[in-house]
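Reader: I'm new to this. Could you show me how to read a protein model, one feature at a time?

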Amino acid sequence: AQHPSTEIDEPPAGGATAVDGRVAVKVSTHKRQLIGVRTAPVEKGPFTRTIRTVGRVTVDETRLRSVFTKISGWVEQLYANSTGQLVTEDEPLLSLYSPELVSSAQEYLLARRGRDQLAASELAGDSGERLVASARRRLLLFDLTPQQIATLEQTGEAPKTMTLHAPISGHIITRSVTQGDRIEPGTKLLEIAELSRVWVLADIYEYELPFIHVGQVATMTLSYLPARTFEGHITLIYPVLSETTRTVKVRLEFPNPDFTLKPEMYAQVEIRADLGERLTVPESAVITTGRRDIAFVDRGKGYFEPRELELGLRLPDRFEIINGLAEGEPVLISGNFLVDSESKLKAALAAAGTDKAGAASGHSH
């Protein structure tokens, strides 16, 4: 008896390598209409993907500076007295009274006078110059600038206070000192961030990693400013994967000349990946069995041939084909699971028939 949904017919010549556990089948016209068979060609075209994620704005760590002292003392005057204040490079931040600094400045002045006196006597040598150099080096280690030391030399009077200046232009994001406080060496007093360029940290899923690379352009929008789009680029893909979320942190860099982007803001980030032209098929054409991926090729006149595939990258609606299909071949995209069932059934029946024939021939006399 013949299976009602298949017709015994010779397959067209030129078929691909057989797929274990499946055989080619020819489905009648009536059955093809009944199960809604549709095909689509294997196409070679642009392979692009848009990755959408949420990003968090942070400070560019290379544009972050801490202000501290290497001497103890008291804050006489605090000029940068509020968080968020914009300061410019070399602007005075605070003045500090330090007995240790006064003593070191006096030692430097005494060393200079001693050197000058020795220069006029018979005891002149390089010992006086060494003392001056040593005292000057101590002041430099206390972070006095060469200009401040030059002023000390001109006036001949030890300063009662030392003024700390802003190392960069930026906003004060942390203030840990108040006027009148006593501070110790190494105490962080202020933190300044230059915000004309910011970082944005975003999470990328593990399977999206092949689509991103350093230098890739990204765009970003803010929920409160939907009409404006910011453009930046990827500067770092972090080397560690989150075990719980299966995501990788990606660092993006965005210009921020008007300070619209503020640290801790959340934003929508889009990264468009263009991998050039690739050979692809619709997602619905691929049957995944767990061990392998299979598609059925329409060979004409209702004849469908199974092909084992080697897949590459995946888009939301298409698969990249590495091996198994050629450009232009029509593949089954609807009704393929029923055709697959027919193919497996026919292969099983053929295998059973072969086994019986073999057993019969083995017992014949």
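Predicted model: local features only at pLDDT ≥ 70, side-chain atom pairs only at ≥ 80, totals over all residues.

Reader: Okay, so is S104 buried or exposed?

Author: Its relative accessible area is 2%, so S104 is buried. You'll find S104 in helix α2, which covers residues 99–119.

Reader: Which residues does S104 touch, leaving out those up to four places away in sequence?

Author: With those left out, S104 touches R138, L139 and F142. Across the protein chain, 38% of the 365 residues are buried.

Reader: Now sheets. What is the order of the strands in the open sheet of 4?

Author: Read it from one side to the other: β8-β7-β5-β10, paired antiparallel. β8 (161–165) and β10 (182–183) are the edge strands; each has a single partner, so one side of each lacks a neighbour in the sheet.

Reader: How many bridges join β5 to β7?

Author: There are 4, between residues 73–78 of β5 and residues 92–97 of β7. Look for L78, which sits opposite L94 in β7.

Reader: And the overall shape? What is the radius of gyration of the protein chain?

Author: Compare it with a compact globule: one of 365 residues would come out near 21 Å, but this chain has 39 Å. Along its principal axes, the C-alpha trace spans about 130 × 55 × 30 Å.

Reader: How many helices and strands are there in the chain?

Author: You can find 5 helices and 21 strands.

Methods: Residues numbered from 1 in each chain as written. Heavy atoms only, no water. Helix = DSSP H or I, 4+ residues; strand = E, 2+ residues; numbered from the N terminus. Buried < 20%, exposed > 50% of the residue type's maximum accessible area, 1.4 Å probe, protein only. Contact = heavy atoms within 4.5 Å. Pairing = 2+ DSSP bridges. Rg over C-alpha atoms; globule rule 2.2 N^0.38 Å.
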